[in-house]
Amino acid sequence: MTQEKDQFIEQAIAGLDGVIDRSVTDQHRHIYGVTVQYEDIDAGGIVYHATYLNFAERARSALLRTCKFDVQHWLREHRQGFVITHIETDYHSPAHLHDQLYVETSCLQLGGASTILQQDIKSVETGLNFARVLVKAAWIDVENGPRKFPEPLQTVFRSFQPVSR
């Protein structure tokens with residue numbers, strides 16, 4: 001493989017996990033891009049409702065990778081990880097094949113062992129909000145149940161919370 005091709009591959013991979021928008025100092029947000037593929041739509045030509053949950057899940061995973069939090073390390077070494085305890089979705093408008101979307105993730109609430117994340121799935125072109133997903137996630141020890149978030153993870157989530165005034 002040539003060096004030029006390696007650079008293209010590196011650039012492509014670098015963009016896979018989205019970016020952290022730090023333009024508002026009070027609250028960071030994670031932006032993750034998605035293009036609607038044929039597999040994402042139903043027979044009516046619109047994004048199947050459950051697919052929005054897939055987009056949100058991918059964005060949450062990408063947020064953690066972007067923030068350099070290694071979920072696999074915690075699962076392997078500490079037998080700790082996430083479970084989703086509640087999820088609700090409001091659908092506002094349908095997205096269609098080849099629409100370019102982005103998932104904007106922020107942290108609404110952070111407790112010792114659980115968090116509530118808000119994920120808006122929007123049109124890149126118009127900013128139209130197709131769906132809002134609210135996710136409550138808890139941190140658990142596989143054998144002993146709920147545990148306090150590790151400090152590095154608390155720091156990640158805190159940076160995505162609005163600052164109270």
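The points below go from the whole chain to a helix, the cysteines, a pocket and a loop residue.

1. **The model and its layout.** Please keep in mind that this is a predicted model. The chain holds four helices and seven strands. Read from the N terminus, the order of these elements is α-β-β-α-α-β-β-β-β-β-α.

2. **The chain in numbers.** Of the 165 residues in the chain, 36% are buried. The accessible surface is about 9,900 Å², and carbon and sulfur atoms account for 51% of that area. If you take the contacts between residues at least 6 apart in sequence, 63% of them join residues at least 24 apart.

3. **Helix α4.** This helix spans residues 151-159, and its buried residues are Leu153, Gln154, Val156 and Phe157. Why do these residues lie on the same side of α4? Around the axis they cover an arc of only 160 degrees, and that places them on one side of the helix. As for their partners, the buried residues of α4 pack against helix α2 (49-66) and against the strands β3 (80-91), β4 (100-110), β5 (114-123) and β6 (129-141).

4. **The cysteines.** How many disulfides does the structure hold? The count is zero. Cys107 is buried, with a relative accessible area of 0%, whereas Cys67 is partly exposed, at 21%. The cut-off for buried is under 20%, so the value of 21% puts Cys67 in the partly exposed class.

5. **The largest pocket.** The space in this pocket comes to about 300 Å³. It is lined by 15 residues, and those closest to its centre are Arg60, Ser61, Leu64, Val71 and Phe82. Which element gives the largest share of the lining? That is α2, with six residues. At least two lining residues come from each of α2, α3 (71-78) and β3.

6. **Leu128 in its loop.** To finish, look at the loop between β5 and β6, where Leu128 sits. Is Leu128 buried or partly exposed? Its relative accessibility is 39%, so Leu128 counts as partly exposed. Setting aside neighbours within four places in sequence, Leu128 is in contact with Ser93, Ile121, Lys122 and Ser123.

Note on methods:
Residues numbered from 1 in each chain as written. Predicted model: local features only at pLDDT ≥ 70, side-chain atom pairs only at ≥ 80, totals over all residues. Heavy atoms only, no water. Buried < 20%, exposed > 50% of the residue type's maximum accessible area, 1.4 Å probe, protein only. Contact = heavy atoms within 4.5 Å. Areas by Shrake-Rupley, 256 points an atom, 1.4 Å probe, with all protein chains shown as cover. Arc of directions from axis to C-beta. Disulfide = S-S within 2.5 Å. 1 Å grid on protein atoms, 1.4 Å probe; cavity = no way out; pocket = protein on both sides within 12 Å on 5 of 7 lines; lining within 4 Å. Points joined across faces, edges and corners; volume = space filled by probe spheres on them.
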